[in-house]
Amino acid sequence: MRVRVATALGLTAVTALALPACSTDSGEAKPTTSSAARAGTPANSERQTAPLSSAALKPLLLDESDLGSGYTRTPERPAQHHDVTVLGCPALDKLGGDAVTGGSLDFPRKAKASFTYTGGSDSEVSEELYSDSADKLSDDTGRIFDAMTGCPAYQVLVGSNAIDVTTQKMSAPQLGDERWSQLLTFSAGGQDSVVKQTAVRSGNVLLIVSGSPALVDRHLDKALAKTTASR
């Protein structure tokens, strides 16, 4: 069985959907030491005060030509609503709403793309872009990351499926105005799936790259460069 995670902050609040599959991400490294980081706010980034529309965000997403060979865009899955219960993490449970049910963050201006990489092993990477005021992006993203990483281990019940989750903060690259990063391990049916998630705020745009740790590290810089090139 492979543990798939519905995304809300890339994978934000951990609605883990245990779906049958023959492969697993057993080749991924286990979580190591970590820390989330915030930085000062460069004046040139913060001049971007008017949020971008969803239509304006869409062309800023990475595509197959940006990623290179071996990547296939994954069709967007329709929204699904599940009976979700979080056990052992009161702070995350209190978030409620989309943060627990696996929907998108509560920003109306957004765009998303997901890809499967078949260059030797099946792995996934997704990119999400959101736009709002810098303060709202900062406050909401920080609140969710703090809740998730504040609970190093907890369990999510999705219907009759129980998924054990462990989280660790990671050191984020010194990019943008603020940044957060974490490593999550989802365990179900005797199999583990390790997912890295890194968020970078640049002015009034929030970038989130999630998926296989190696792919997140490989594509984060180019994702941010494409996002900020025309702003």
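K226 is partly exposed, because its relative accessible area is 23%, and anything under 20% would count as buried. That residue lies in helix 7. Keep in mind that this is a predicted model.

Leaving aside residues up to four places away in sequence, K226 touches P59, L60, L61, L62, D63 and D66.

Is H219 buried or exposed? H219 counts as buried, because its relative accessibility is 1%. With residues up to four places away in sequence left out, H219 touches L62, L67 and Y71. With Y71 there is also a polar contact, side chain to side chain, at 2.7 Å. L62 turns up in the contact list of H219 and in that of K226.

| Residue | Relative accessible area | State | Residues touched (beyond four places in sequence) |
|---|---|---|---|
| K226 | 23% | partly exposed | P59, L60, L61, L62, D63, D66 |
| H219 | 1% | buried | L62, L67, Y71 |

Moving on to the nonpolar cores, the largest one holds 25 residues, and L105, Y130, Y154 and L206 touch the most other members. The elements that give two or more residues to this core are helix 6 (134-149) plus a run of strands: strand 5 (84-87), strand 8 (153-158), strand 9 (161-169), strand 10 (178-188), strand 11 (191-202) and strand 12 (205-211). There's a second, separate core of 23 residues, and its members include Y71, F115, V200 and A223. In soluble globular proteins, nonpolar side chains tend to be buried together.

What about rings? R218 lies over the face of Y117, 5.6 Å from the ring centre. A search of the whole structure also turns up three aromatic pairs.

Zooming out, the protein has seven helices and 12 strands. Of its 231 residues, 47% are buried. Take the contacts between residues at least 6 apart in sequence, and 66% of them join residues at least 24 apart.

Finally, confidence. The mean pLDDT is 77, with 71% of residues at 70 or more. Over residues 1-47 pLDDT stays under 50, although the model has 154 contacts beyond four places in sequence for that stretch. Where pLDDT is low, the predicted coordinates should not be read in detail.

Terms used. Residues are numbered from 1 along each chain as its sequence is written. This is a predicted model: local features need pLDDT of at least 70, side-chain atom pairs count only at pLDDT 80 or more; totals for chains, interfaces and linings use all residues. Side-chain values use heavy atoms; hydrogens and water are left out. pLDDT is the predictor's confidence in each residue, from 0 to 100. Contact means heavy atoms within 4.5 Å. Rings of Phe, Tyr and Trp (its six-membered ring) pair if their centres lie within 6.5 Å; planes under 30 degrees apart count as stacked, over 60 as edge-to-face and the rest as tilted. A charge sits over a ring if NZ of Lys or CZ of Arg is within 6 Å of the ring centre and within 35 degrees of the ring normal. Buried means under 20% relative accessible area, exposed over 50%, partly exposed in between (1.4 Å probe, protein chains only). A polar contact is a pair of N or O atoms within 3.5 Å; within protein, one must be able to donate a hydrogen and the other to accept it, and residues adjacent in sequence count only if both atoms are side-chain atoms. A nonpolar core is a set of buried Ala, Val, Leu, Ile, Met, Phe, Trp, Tyr and Cys residues joined through side-chain atoms within 4.5 Å. Helices (H or I, at least four residues) and strands (E, at least two) are DSSP runs, numbered from the N terminus.
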